[in-house]
Amino acid sequence: MNLLNAEHDESALADERVIEWLEAQVESLHGQARMLVDDYWRRVNLERKKHPASLRGRMGVRIRRRESAYSFTIEWFLIASLSIDGKTKPVTQHIKKGKGYRYPLQHILKKEPDWEVSLVEEFENEFVDLRKQIDLLGKFRDAFHRCRQSLRDALD
């Protein structure tokens, strides 16, 4: 019986280490994404100061966490203004990514100023790689949980 308990404890410790590794990988990717998003907004704000309102662009990017799944998403959106009771308020419209890791931005970017098109394309190329890594870690997480559950079921 002690041998079974020792094996179970060892297995539980190994499982915990895998989960910790997974969380650390996601945190590292989140940090990279956060730096890129912050850099995007810094550069957008610099460019917007150089241009009249009609050429300031409307693209934004954000990160959304999914804590329970050790994951996050990097999303593009359009910024617009809504006038309510004489006050102008910013509103955002999420852009659907679709399949794959890259946002289909060509149609949306046709209406944007050249400086913004260039900036969005530059950052989207970086985000594609991060999305792929996040997806692969998610597939690993799911397979790991299925494997653990299968092993538990076999022992019961």
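How many aromatic pairs does the count come to? Hi everyone, the answer is 8 aromatic pairs, where rings of Phe, Tyr and Trp (its six-membered ring) pair if their centres lie within 6.5 Å. Planes under 30 degrees apart count as stacked, over 60 as edge-to-face and the rest as tilted.

Before I go on, this is a predicted model, so local features need pLDDT of at least 70 and side-chain atom pairs count only at pLDDT 80 or more, while totals for chains, interfaces and linings use all residues. Residues are numbered from 1 along each chain as its sequence is written, and side-chain values use heavy atoms, with hydrogens and water left out.

Let's start with Tyr-40 and Phe-123. Their ring centres are 5.5 Å apart and their planes sit at 80 degrees, so this pair is edge-to-face. Tyr-40 is in helix 1 (residues 2-50) and Phe-123 in helix 3 (residues 114-155), so the pair ties together parts 83 residues apart in sequence. Helices here are DSSP runs (H or I, at least four residues), as are strands (E, at least two), numbered from the N terminus. Tyr-40 and Phe-123 are both buried, meaning under 20% relative accessible area; exposed is over 50%, and partly exposed is in between (1.4 Å probe, protein chains only). Ring pairs also link Tyr-40 and Phe-123 with Trp-41, Trp-76, Phe-77 and Phe-127 in a cluster.

Now for a stacked pair: Phe-140 and Phe-144 are 6.3 Å centre to centre, with 10 degrees between the planes. Both lie in helix 3, 4 residues apart, about one turn of the helix. Is Phe-144 buried or partly exposed? Phe-144 counts as buried at 15% relative accessibility, whereas Phe-140 is partly exposed at 36%.

On to charges. The whole structure has 12 salt bridges, each a side-chain nitrogen of Lys or Arg within 4 Å of a carboxyl oxygen of Asp or Glu. Two of them sit in helix 1. Asp-38 bridges to Arg-34, with the closest N and O atoms 3.3 Å apart, and these two are 4 residues apart in helix 1. Asp-39 bridges to Arg-42, where the closest N and O atoms are 2.6 Å apart; this pair is 3 residues apart in helix 1, again about one helical turn. Asp-39 is partly exposed at 24% relative accessible area, and Arg-42 is partly exposed at 46%.

In helix 3, Asp-135 and Lys-139 lie 4 residues apart, and their salt bridge has its closest N and O atoms 3.2 Å apart. Elsewhere, shared partners join Arg-62, Arg-64 and Glu-75 into one salt-bridge network.
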